[in-house]
Amino acid sequence: MTQRDLLILFSGLFIVVLGVVAVLSTVRRYRRALGLKGEDREKTPDVSFIINAFQDVTRQLKEKEKELERLRALAEQRAENVESYTQNILQCVTSGVITFDRNGFAATANRSAEEILGTEPHHILGKTCDDIFGDGHICRLISETLGSGHPSRRMETSLDRRGEHIWLGFNTALLTDRRGAALGVILSFSDLTEVKRLQEQMELNERLTALGEMSAGIAHELRNPMAVISGYLSLLSKKQNSANQGIINSIAAEIDGMNRIIGDLLTFARPASLNRVTVNLKEMLGGCVSTLLQAKGREARITAIVSLADVEASLDEVLMRQAFSNLLQNAAEAMPDGGTLSVEAHDGKEAAIVVRDTGVGIPADIIKKIFLPFFTTKDKGVGMGLALTHKIITSHGGRIDVESREGMGTTFTVTLPKG
């Protein structure tokens, strides 16, 4: 029985008692008004005072009934105000909040919970935790909280949301009434996906900074010996006959390759000096795609789908062309048997460029390594392309994210500030 029901019950009993007292009081008053003695009051056949007393009591009861109805309406209004107040607070909270009853079914959910999970209310309310989150840490913690009655510490977990991998930070607490009896469990959670992404970017930047410093030292140490070797090879080529010239040319080609690697190392290690100009991304990306298709030719069987908004940004055009050319080249090489290459540019507070291929994809165990220098899965190449691309984009204050599944293709998303 709720507090409101108890209030109505006690109010009703109080009115009944008042009615009885009023009847007795009115009867005595009318008898005294008629001037009857005690023994005559019982004998008198005049019952007019009883009728008047009854009417008086009826009037008082109606007044009390109206008062009771007013109090009941006021109590209901206050209860609705409290409930509305609580709902408004929950809807304004940026964390997702879901309550589960003692049977494990979701009873309420705020707007943030629906947005974080990317679902509609009917996919949450009345569902079990397993239906909403799958069998994992969240559901196990809800059961433990309901069983022990103790709130949980803050924990983290990951789950798939409509094909997207997200991270959640969550904790639980017991939902009780005023007497402390358990009504269910409150689950509070927040989306940590962007935080995790930024954390990974910071860790990668730290590793790349350390590698850049090391690469600079190695490049400088290698450049001088390579210059000496090139000098002696040039002298040797003048004293050899044509029969040995092929060998000398092969050595020279290898030295040139080594010099390119050393140059890439120095470029990677050197702080980027940006020559910013206003660049039309639609024109720049369109030119990069055209250059790639011309270089690959028809035999590559690559279909390009280009959807570019007319976006302008302040960039170093030479470096940014190099970055996107590397991304497009990698996408084409990921489709050795042909496929579809999609390039999109979206305008907003920032410029977003998406490069998507339908190639072989990147295994999950190496996807975090692809921006490291000299990491490559190709038979040819030294693995500096994506490392330089990452450096160019981050030096512009942007970021690059990658999503990939083996056999399902790869998507690179580049976000750049426009100012």
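Tutor: A disulfide is a pair of cysteine sulfur atoms within 2.5 Å. The model discussed here is predicted, so local features need pLDDT of at least 70, side-chain atom pairs count only at pLDDT 80 or more, and totals for chains, interfaces and linings use all residues. Residues are numbered from 1 along each chain as its sequence is written, and side-chain values use heavy atoms, with hydrogens and water left out.

Student: How many disulfides does the structure hold?

Tutor: The structure holds one disulfide. Cys129 and Cys139 form this link, with their sulfur atoms 2.2 Å apart. Distant parts of the chain are linked by the pair: Cys129 belongs to helix 5 (residues 129-133) and Cys139 to helix 6 (residues 137-148), ten residues apart. Helices (H or I, at least four residues) and strands (E, at least two) are DSSP runs, numbered from the N terminus.

Student: What is the handedness of the link of Cys129 and Cys139?

Tutor: The link of Cys129 and Cys139 is left-handed, with -95° about the S-S bond.

Student: Is Cys129 buried or exposed?

Tutor: Buried means under 20% relative accessible area, exposed over 50%, and partly exposed in between, with a 1.4 Å probe and protein chains only. Cys129 counts as buried because its relative accessibility is 8%. Cys139 is likewise buried, with a relative accessible area of 8%. For the chain as a whole, buried residues make up 32% of the 419 residues.

Student: Which elements does the salt bridge of Arg356 and Glu344 tie together?

Tutor: The side chains of Arg356 and Glu344 meet in a salt bridge at 3.4 Å, N to O. Arg356 lies in strand 10 (residues 350-357) and Glu344 in strand 9 (residues 339-346), so the pair ties together parts that are twelve residues apart in sequence. Both partners are partly exposed: Arg356 has a relative accessible area of 33%, and Glu344 has one of 22%.

Student: How is the packing of helix 9 and helix 10 described?

Tutor: Axes are lines fitted to C-alpha atoms, for helices over the stretch in contact, and angles run from 0 to 180 degrees between N-to-C directions. The axes of helix 9 (residues 281-296) and helix 10 come within 10 Å and cross at roughly 45°. Angles under 35 degrees count as roughly parallel, over 145 as roughly antiparallel, 65 to 115 as roughly perpendicular and the rest as oblique. Helix 9 and helix 10 are therefore oblique to each other.

Student: Which residues of helix 9 and helix 10 make the contact?

Tutor: Contact means heavy atoms within 4.5 Å. Helix 9 contributes residues including Met284, Leu285, Cys288 and Leu292, and helix 10 contributes residues including Glu317, Met320, Arg321, Phe324 and Leu328. Of these, Cys288 is buried, with a relative accessible area of 6%.

Student: Where is Ser314, and with which residues is Ser314 in contact, leaving aside its neighbours within four places in sequence?

Tutor: Ser314 has its place in strand 8 (residues 312-315) and is buried, with a relative accessible area of 19%. With those neighbours left aside, Ser314 is in contact with Arg276, Val277, Thr278, His396, Lys418 and Gly419.

Conventions. A salt bridge is a side-chain nitrogen of Lys or Arg within 4 Å of a carboxyl oxygen of Asp or Glu.
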